[in-house]
Amino acid sequence: MDFSQRHAYFIADRLSEQEKEYGVSPLDEDSVSFSEVRRWRKLPHLFNVHSWAPLFVDVDNIMNQSFDRIYQVAAPGATVLMQNRLSTMVTQIGYAAHRDPADRNRWRHSGHVKMTYTGWYPVIEAKLDFNDRAATDHLPTRSYMYADGKAGFATPSAAGSRPALEAQISAYIPWKWYKGGWVSGVIPKASYSVSNDHYDTSLAVWDSRGESLGLRFFDAYVPGRIMARQAVNASVRGYIMTATAKNAVFPRFGIGAEFGALTRLGLGLPAPASRALFKPTVYGYGYMYLPGF
């Protein structure tokens, strides 16, 4: 190593030349002024436009490949992406035009907002979807007593005249570990969702035991309330997979599973019915990555 050759710091040398040219020394306190220290406030800087596109795209759905209908990925419209200065808040606002999923001859104009905040522990996610479809009206539940003595329930529904409004807020902790070229993680998550789908919790009881004779008797009516759909969901996901390169979509090997429970708030039938309109749901699913699959 030849220490006689001095390394050149081009940027620092150029700045030094400028200081000499203007006759200003950073050690001269009389010639250097500093701005007043001001407090940094996070709230006014949460929403800064990062980029936009003359097309509606749901970036999260594309990256996660999580969607049921094509308009949840991309559609005619517009998208604005925002990110705060600290990179802890990401916001997506979009407008989309697509065909009504229930009536292909009708077009719907929908609005979407999705926000993810990682400045706290856990991560907070919130989203709002408007007019992707028509809100659903669920009519009073009907209870039937058949000739064989068995009882049956039916809850008819119909599309309402108002546009659907769906909102959800979630909190989760993305625990992740790296060891020996493998990535493993555990993600506990809790969420609350609400929509303007209406449920009539009233109950109409019909006695159809004489239906073979052309007889059907209205037996009783139990009044209820008109309620919006609300749900609380708690789940935990665990996974382990091989580490992937930045340009990879799926890992070479991997396995994961999720288990959760969901309950719809307040949507139980009134007495004397013994069945709830919606019972609590327990679910689970698993997935696996293998070469070529």
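Visitor: Where does G266 lie?
Guide: G266 is in the loop between strands β16 and β17, the latter spanning residues 281-289. Helices (H or I, at least four residues) and strands (E, at least two) are DSSP runs numbered from the N terminus.

Visitor: What kind of model is this?
Guide: This is a predicted model, in which local features need pLDDT of at least 70 and side-chain atom pairs count only at pLDDT 80 or more, while totals for chains, interfaces and linings use all residues. Residues are numbered from 1 along each chain as its sequence is written, and side-chain values use heavy atoms, with hydrogens and water left out.

Visitor: Back to G266, then. Why does G266 count as partly exposed?
Guide: G266 counts as partly exposed because its relative accessibility is 46%. The classes are buried (under 20% relative accessible area), exposed (over 50%) and partly exposed in between, with a 1.4 Å probe and protein chains only.

Visitor: How many residues apart in sequence are G266 and M227?
Guide: They are 39 residues apart in sequence, and their C-alpha atoms are 7.8 Å apart in space.

Visitor: And V222 and T201, what separates their C-alpha atoms?
Guide: A distance of 8.9 Å separates the C-alpha atoms of V222 and T201, which are 21 residues apart along the chain. V222 belongs to strand β14, residues 217-222. It counts as buried because V222 has 14% relative accessibility.

Visitor: Changing topic: how many salt bridges are there?
Guide: The count comes to 9 salt bridges. A salt bridge is a side-chain nitrogen of Lys or Arg within 4 Å of a carboxyl oxygen of Asp or Glu.

Visitor: Which residue does D197 meet in a salt bridge?
Guide: The side chain of D197 meets that of R133, at 2.9 Å from N to O. This pair links distant parts of the chain, as D197 is in strand β12 (residues 182-200) and R133 is in strand β7, 64 residues apart. R133 and D197 are also joined with E166 and R229 into one network by salt bridges that share partners.

Visitor: Is D197 buried or exposed?
Guide: D197 is buried, because its relative accessibility is 5%.

Visitor: What about R108 and D100, how do their side chains meet?
Guide: The side chains of R108 and D100 form a salt bridge, with 2.6 Å from N to O. Both residues of that pair, R108 and D100, are buried.

Visitor: And which residue pairs with E17?
Guide: E17 forms a salt bridge with R14, at 3.1 Å from N to O. The two are separated by about one helical turn because E17 and R14 are 3 residues apart in helix α1, residues 10-22. E17 is partly exposed, with a relative accessible area of 45%, and R14 counts as partly exposed at 45% relative accessibility.

Visitor: Next, the backbone. Which peptide bond is cis?
Guide: The bond from Y121 to P122 is cis, with omega near 20°. P122 is located in the loop between β6 (107-117) and β7 (123-138).

Visitor: What is phi of S87?
Guide: S87 has a positive phi of about 60°, although S87 is not a glycine. Its place is the loop between β4 (77-83) and β5 (89-99). S87 is partly exposed, at 46% relative accessible area.

Visitor: And phi of N131?
Guide: N131 also is a residue other than glycine with a positive phi, near 70°. N131 sits in strand β7. Its relative accessibility is 11%, so N131 counts as buried.

Visitor: Which residues make the nonpolar surface patch?
Guide: W182, I240, F253, I255, M288, L290 and F293 make a nonpolar patch of about 740 Å². Such a patch joins nonpolar side chains (Val, Leu, Ile, Met, Phe, Trp, Tyr) within 5 Å, from residues with over 30% relative accessible area and no salt bridge; areas come from the Shrake-Rupley method with a 1.4 Å probe.

Visitor: Where is the place of I255?
Guide: I255 is part of strand β16, residues 254-264. It counts as partly exposed because I255 has 43% relative accessibility.

Methods:
Patch = residues over 30% accessible without salt bridge, like charges linked within 9 Å, V, L, I, M, F, W, Y side chains within 5 Å.
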